[in-house]
Amino acid sequence: MAEFKRPGGELSSRPLHFIWMVDCSGSMRGEKIGKVNHAIQSTIPEMADAAKSNPYAELLIRTLAFSSGAEWVTSKPVNVEDFSWSDLTAEGVTDMGKAFDLICDQLTIPPMSDRALPPVLVLISDGQPTDDYKSSLNRLLSLPWGKKSVRIAISVGQDADDSVLSEFTGNKELVLQANNAADLVKMIKWASTAAAMVSAPSSPPVSADGSERERTGGINSGNAAPLVLDINNIPSVTEEENNVW
Amino acid sequence: MVNNRLYVIGACVKGASHKLNGKPCQDNIKYKFIEKDTVILAVADGHGSEKSPFSEDGSKAAVDAFHTVTRRYINSKGKGDSLRKFLGSEKGTATFAREITKDWKQRVRKLHRINGREEISQKQDLLLKYGSTLLGLLITDSFYFAFQIGDGDIVIVYDKSDESDKNPNNDYQAEHIINIPKILGVETHSLCVRESWTTALTELKTRPEIPHAFMLSTDGLSNSYRDEKTFLFTCRDYYKAIINHGTNTVWGKLNTWLEETSRDGSGDDISLIIAYDENL
């Protein structure tokens with residue numbers, strides 16, 4: 001009998017969207033934004049390697065910058081193999097709400113697929129939002145993919161509003177403290193490994209009432225994403241009296 | 001009543017990602033004819049996370065539970081109107097779902113004991129270690145009954161062409177028997193959670209009197225395609241392959257095709273059972 005090919009349509013791995021949300025307000029000027037640029041740039045090869053070892057998830061990266069307003073630095077999601085970092089500069093205020101609005105537009109279905117893996121959002125900020133962030137954040141957390149997203153925040157310096165960042169993550173333990181340059185680099189590196197954790201093949205159960213079965217501990221605001229992260233290996237902060245932001 | 005010539009084929013393959021990282025296949029399938037015109041089919045997908053290290057056993061227990069409980073009801077009610085009324089009623093399906101989950105829990109507790117595994121005092125923690133989904137289908141000569149806890153797909157494909165329809169593209173229709181609300185991401189309903197029977201979804205319908213096929217699959221299959229439309233196209237294409245080449249030929253290739261699907265798609269374990277009624 002003549003050979004005939006596998007029935008069916010085109011095969012596809014599951015998309016995994018990873019988004020850097022970077023505070024580019026004036027207070028991030030200088031060493032802070034410099035370290036952010038350097039740290040994110042340095043994570044790219046490792047993220048690409050991790051993606052190669054799990055070819056069944058298509059890792060797509062984007063960057064969103066916010067200060068006075070918010071904009072996509074990467075206009076469309078880019079495959080990690082093709083992703084390159086463009087250094088960000090810092091100036092202006094902290095329109096975090098506008099950043100959340102842009103994220104909302106991308107987490108609706110479409111353009112998101114209902115077959116995607118949970119998106120990973122990493123918010124890096126050193127200050128307090130200067131716009132009405134709350135309604136935008138509530139909208140984000142009410143979206144189906146907003147609820148399911150894995151949300152990590154990096155709190156840069158001691159002036160950052162950790163309560164806002166906790167609202168974003170839904171879990172205090174996922175607000176990573178970076179009060180100096182070394183810690184900022186460490187936390188950005190850890191956050192970059194979230195993609196590999198999210199894409200590991202497993203199917204955790206939900207409770208019969210639909211609530212997440214697992215929490216990582218810490219304060220659960222009720223918006224916490226189902227955790228597939230291992231928070232036990234979050235780096236510890238450096239105890240430094242000098243040279244803190 | 002349909003004039004059956006029912007053929008059933010199935011395959012269960014380890015996911016490409018599991019081959020890479022040395023994990024076992026955590027899917028299981030089981031299909032068995034009770035009589036010439038009555039067959040019970042089941043597929044199950046173990047959770048595979050670190051918290052569910054025995055989910056391979058859990059999925060085996062799941063397909064066994066479906067077969068045992070369904071068989072018990074066939075023995076007590078027959079496979080005619082009495083069973084049909086029972087499985088078509090809200091009370092009946094709730095009772096059925098409770099018995100399935102109870103049977104599964106008894107099996108996994110026994111497995112845990114006889115394998116000498118570490119004692120676990122919290123009942124829910126023990127069950128989580130065996131967590132699994134379950135999709136089941138009972139096909140009789142007059143009706144079919146579908147049962148589902150967790151993700152995966154139960155699809156019916158049928159020939160919808162008729163003499164008046166000259167469009168060669170409108171030949172086959174594929175649709176879900178149970179329209180399960182999609183849980184985004186990687187989570188799923190499971191046999192291991194408290195009150196899991198309340199998450200069971202069921203559907204009972206009369207067998208169509210035209211050629212048709214049923215397809216049960218774990219979510220490794222549908223997750224290998226970009227969207228629902230492509231997945232349902234795939235279901236129709238498998239049906240066409242059976243019509244054009246016969247069940248034996250398709251069965252001979254099924255393992256290879258599913259391995260290829262996992263390799264170039266989701267990477268997950270994939271189970272697929274196809275029950276084809278040529279209805280001559």
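Start at the boundary where chain A meets chain B: three salt bridges are found across this interface, a salt bridge being a side-chain nitrogen of Lys or Arg within 4 Å of a carboxyl oxygen of Asp or Glu. Before you click on, note that this is a predicted model, in which local features need pLDDT of at least 70 and side-chain atom pairs count only at pLDDT 80 or more, while totals for chains, interfaces and linings use all residues. Residues are numbered from 1 along each chain as its sequence is written, chains are lettered from A, and side-chain values use heavy atoms, with hydrogens and water left out.

Now select Glu228(B) and Arg115(A): they form a salt bridge, with the closest N and O atoms 3.0 Å apart.

Next, show both sides of the interface. Chain A brings 40 residues to the contact and chain B brings 53 residues (contact means heavy atoms within 4.5 Å). The buried area is about 3900 Å², with 58% from carbon and sulfur atoms; this is the accessible area (1.4 Å probe) that the two parts lose on being put together, summed over both. On chain A, colour Phe4(A), Tyr56(A) and Arg115(A), which lose the most area to chain B, together 20% of what that side buries.

Finally, move to chain B and select Asp277(B), in strand β10 (residues 270-277); strands are DSSP runs of E, at least two residues, numbered from the N terminus. Is Asp277(B) buried or exposed? Asp277(B) is buried, because its relative accessible area is 0% and buried means under 20% (1.4 Å probe, protein chains only).

Key:
Helix = DSSP H or I, 4+ residues; strand = E, 2+ residues; numbered from the N terminus. Buried < 20%, exposed > 50% of the residue type's maximum accessible area, 1.4 Å probe, protein only.
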